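Dear colleague,

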Amino acid sequence: MLEILFEDEDFVAINKPHGLLVHKSSIAADTSEFALQLLRDQIGKKVYPAHRLDRKTAGVLLFSLNKEMDSAIQTAFSQNLVKKEYLAVLRGHTDPEGTIDYPLKKENGTIQEALTNYQTLVTTEIDLPFGKFPTSRYSLVLAKPETGRMHQLRRHFAHIFHPIIGDRPHGCNKQNKLWKDTFQHDTMLLHAKSLAFTHPKTQENIFIQAQIQPEFERALTILEIRYEY
């Protein structure tokens, strides 16, 4: 059963697990389970994905329950009126806060402006040798993307040389292998923490938040990080 975080007559939001596709895709022809179909069958209603999360990303995923609201909320997303927050575990110690203003190229070659703000919540160093270093350093950050480009956070954090742990292909392959070999952990540590928007029909302020999934929680335990909502 999918964890439902919010539901009214127009929208429903779930806490998507890591590894679950939003809907059928030609790039994953071998997959038989998708969030859209699972949620439709669970609540017995047709649902429309209001936005997307990467397969590897967990957290708040919003669906519309009718075409009118789907059109309205997708317009809100396109105009950056939906505020998004993510949690990510990164390689290395990041600055206390920062802004990544780095345009990203689409598959067709088009360049798009892309902007991400982030705040470092915790830095940690554990007794895990890595290369010539006797320990490994990591950061838990809160990221607030101002734009919604494909793989934006994954590409932006790689750009500043603090890739997300477990990310492929944008991350650090050596760190990913280290985590898989040492901890049997290969989940990408990116979590869509919250969405905030004005309800198109009622004009209420809607805030939806999702707890981290078990594998993300296990990673924080490994890193000796305590995070409370």
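The lining of the second largest pocket divides into two nonpolar, four polar and three charged residues, and this is a predicted model, which should be kept in mind throughout. The residues that line this second largest pocket are Arg91, Gly92, Glu125, Phe130, Phe133, Thr135, Ser136, Arg137 and Gln175, and the space in it comes to about 180 Å³.

The largest pocket has a volume of about 1400 Å³, and its lining is made up of 38 residues, with Arg52, Asp54, Arg149, Met150 and His151 lying nearest its centre. By class, that lining holds 13 nonpolar, 13 polar and twelve charged residues. Helix α3 gives the largest share of the lining of the largest pocket, namely four residues.

Turning to the aromatic rings, the structure holds four aromatic pairs.

Another edge-to-face pair is that of Trp179 and Phe183, with 5.0 Å centre to centre and 65° between the planes. Trp179 and Phe183 both lie in helix α4, four residues apart, which is about one turn of the helix. Trp179 counts as buried because its relative accessibility is 1%, and Phe183, with a relative accessible area of 18%, is buried too. Ring pairs also link Tyr138 with Trp179 and Phe183 into a cluster.

With best wishes

Definitions and conventions: Residues are numbered from 1 along each chain as its sequence is written. This is a predicted model: local features need pLDDT of at least 70, side-chain atom pairs count only at pLDDT 80 or more; totals for chains, interfaces and linings use all residues. Side-chain values use heavy atoms; hydrogens and water are left out. Rings of Phe, Tyr and Trp (its six-membered ring) pair if their centres lie within 6.5 Å; planes under 30 degrees apart count as stacked, over 60 as edge-to-face and the rest as tilted. Helices (H or I, at least four residues) and strands (E, at least two) are DSSP runs, numbered from the N terminus. Buried means under 20% relative accessible area, exposed over 50%, partly exposed in between (1.4 Å probe, protein chains only). On a 1 Å grid over the protein atoms alone, a cavity is a set of points where a 1.4 Å probe fits but cannot get out, and a pocket is an open set with protein on both sides within 12 Å along at least five of seven lines; lining residues have an atom within 4 Å of a point. Grid points are joined across faces, edges and corners, and a volume is the space filled by probe spheres set on the points. Ala, Val, Leu, Ile, Met, Phe, Trp, Tyr, Cys and Pro count as nonpolar, Asp, Glu, Lys and Arg as charged, and the others, Gly among them, as polar.
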